[in-house]
Amino acid sequence: MKVAKLATQVKSSTGGQIKGIANSLTMTRSGIRVTEDAGNSVIGQTVPLLLSHNWDKPSIGSVTMTNVDDDGLHYEGHLFQN
């Protein structure tokens, strides 16, 4: 049995700039497996960054999917100042 990593990891944050792993290639917290092909299909896409995935609240920034490797789907983004 492969143990799922946390779906979201922030690897670094400097001055509102963030980067990390949006999803591992094992399994998300909700039990969905994200494949490398699925990750590659969203490279370059920018999405809103939500606090606790709450769509009822305004986004707190945005992230762009950058690449996929053995660790998972990577992103870079920024936090809004307000």
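Residues 24 or more positions apart account for 36% of the contacts in the protein chain with a separation of 6 or more, where a contact means heavy atoms within 4.5 Å. The structure is a predicted model, in which local features need pLDDT of at least 70 and side-chain atom pairs count only at pLDDT 80 or more, while totals for chains, interfaces and linings use all residues. Residues are numbered from 1 along each chain as its sequence is written, and side-chain values use heavy atoms, with hydrogens and water left out.

**Secondary structure**

- The protein chain contains one helix and five strands; helices (H or I, at least four residues) and strands (E, at least two) are DSSP runs, numbered from the N terminus.
- Along the sequence, these elements follow the pattern β-β-α-β-β-β.

**Strand pairing**

- Strand β2 (residues 17-23) runs antiparallel to strand β5 (residues 72-79), and six bridges join them; two strands pair if DSSP finds at least two bridges between them.
- Val 63 stands opposite Gly 77 in β5.
- A hairpin is formed by β4 and β5, with two residues between them.

**Burial and surface**

- Of the 82 residues in the protein chain, 30% are buried; buried means under 20% relative accessible area, exposed over 50%, and partly exposed in between (1.4 Å probe, protein chains only).
- The protein chain exposes about 5700 Å², of which carbon and sulfur atoms supply 53%; accessible areas come from the Shrake-Rupley method with a 1.4 Å probe, and for residues only the protein chains shown count as cover.

**Nonpolar core**

- Ten residues make up the largest nonpolar core: Ile 18, Ala 22, Leu 25, Val 34, Leu 49, Val 63, Met 65, Val 68, Leu 73 and Tyr 75. Strands β2, β4 and β5 each supply at least two residues of this core, and its largest share, three residues, comes from β4.
- A nonpolar core is a set of buried Ala, Val, Leu, Ile, Met, Phe, Trp, Tyr and Cys residues joined through side-chain atoms within 4.5 Å.
- In soluble globular proteins, nonpolar side chains tend to be buried together.

**Thr 26**

- Thr 26 lies in the loop between β2 and α1 (36-40).
- Thr 26 counts as buried because its relative accessible area is 14%.
- The side chain of Thr 26 makes a polar contact with the side chain of Ser 24 (2.8 Å). A polar contact is a pair of N or O atoms within 3.5 Å; within protein, one must be able to donate a hydrogen and the other to accept it, and residues adjacent in sequence count only if both atoms are side-chain atoms.
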